[in-house]
Amino acid sequence: MKNALIICRKELRSYFVSPVAYILLGLYAVIMGFLFWFFLGRFVFEGMEMQMRGQMFPMSLNEYVVRPILSNVSVIGLFLIPLITMRLFAEEKRTGTIELLVTSPIRDFDIVFGKWMAGFGFYICMLLLGALNFIFLFKYGNPDWKPMLVQYLGLFLQAGAMVALGTFISTLTKNQIVAAALTFAACLMLLLFGWLTAFETATWANVLSYLSIFTHMESFERGVIDSKDAIYYVTVIFLGLFFTARSMESLRWRS
């Protein structure tokens, strides 16, 4: 585990010595700021309309602001996570340092886990940066923090699964753009699988829908922790890291 942490720190440092980290963080902050402004503005506008009509129904900040914002974060991750994971192994293969890495006395698991932690940790930093917007809600409103916490837990698990998938795909090519495109395509397909049951009720459609990485966010978005959804994400993380380790093992034998 010590070696994995060393690799994690090295990878995180490599993100921040290039403009990539600051571009992605800035882009994410702008998108989250816009979403916060849009949904909060809609909340205020609908509240004023209800007052003018004399309809004083209670309006929930969680339902009108927090939940729709965090639901859109899943889609944002679909675009940003491939950009985070594309370089994890592809850059090592392009520069030729992958041979030094696989022939070192460090275990494959430490290498894979360290790189995954770096990509996952960087995306967590982005999620926490976006969470700063909600400080405004707690200062001037009274949102329920428990469903928000559950939804963030779901986002963490979902991000870990997508980062594991991207980490594995990064071992398959030395071209970062190809790695990002393949990761995006794989995550997009996992999104589209969840739409199948809207018009198809066959068993194969239900199976593919269950495999959707976004379908399992629905319970978290409702503020409910469903064990089968959490197990699904942990399983995807495990399989992603397992296949990455096997890919590393094949690279070690070729070296």
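Modeller: Begin with the axes: each is a line fitted to C-alpha atoms, for helices over the stretch in contact, and the angle between two of them is taken between N-to-C directions. The model here is predicted. In it, the axes of helix 1 (residues 2-16) and helix 6 (residues 108-131) cross at roughly 40° and come within 7 Å.

Biologist: Is helix 1 then oblique or roughly parallel to helix 6?

Modeller: Angles under 35 degrees count as roughly parallel. Helix 1 is therefore oblique to helix 6. The crossing of the two is right-handed.

Biologist: Which residues make that contact?

Modeller: On helix 1 they are Asn3, Ala4, Leu5, Ile7, Cys8, Glu11, Leu12, Tyr15 and Phe16. Helix 6 contributes Asp110, Ile111, Phe113, Gly114, Lys115, Met117, Ala118, Gly119 and Phe122. By class, the contact of helix 1 with helix 6 has 12 nonpolar, three polar and three charged residues.

Biologist: Glu11 is in that list. Which residue forms a salt bridge with Glu11?

Modeller: The criterion is a side-chain nitrogen of Lys or Arg within 4 Å of a carboxyl oxygen of Asp or Glu. Arg87 meets Glu11 with the closest N and O atoms 3.0 Å apart. Arg87 sits in the loop between helix 3 and helix 4 (90-95), whereas Glu11 is in helix 1, so the pair links distant parts of the chain, 76 residues apart. The structure holds six salt bridges.

Biologist: How do helix 3 and helix 8 cross?

Modeller: The axes of helix 3 (residues 61-85) and helix 8 come within 9 Å, with a crossing angle of roughly 15°. That value makes helix 3 roughly parallel to helix 8. Their crossing is right-handed. Residues in the contact include Val66, Leu70 and Ile81 of helix 3, and Met148, Leu155 and Met162 of helix 8. The contact of helix 3 with helix 8 divides into 12 nonpolar, 10 polar and one charged residue.

Biologist: What does the protein contain overall?

Modeller: The protein has 12 helices and zero strands. Its C-alpha trace spans about 75 × 50 × 30 Å along the principal axes.

Biologist: Where is confidence lowest, and where highest?

Modeller: Where pLDDT is low, predicted coordinates should not be read in detail. The protein has a mean pLDDT of 83, and 92% of its residues reach 70 or more. Confidence is lowest in helix 5 (residues 97-102), with a mean of 71, and highest in helix 8 (residues 145-170), at 91.

Key:
Residues numbered from 1 in each chain as written. Predicted model: local features only at pLDDT ≥ 70, side-chain atom pairs only at ≥ 80, totals over all residues. Heavy atoms only, no water. pLDDT = per-residue confidence, 0-100. Helix = DSSP H or I, 4+ residues; strand = E, 2+ residues; numbered from the N terminus. Axes fitted to C-alpha atoms, helices over the stretch in contact; angles between N-to-C directions. Parallel < 35°, antiparallel > 145°, perpendicular 65-115°, else oblique. Left-handed = near helix turned anticlockwise from the far one by under 90°. Contact = heavy atoms within 4.5 Å. Nonpolar A, V, L, I, M, F, W, Y, C, P; charged D, E, K, R; others polar.
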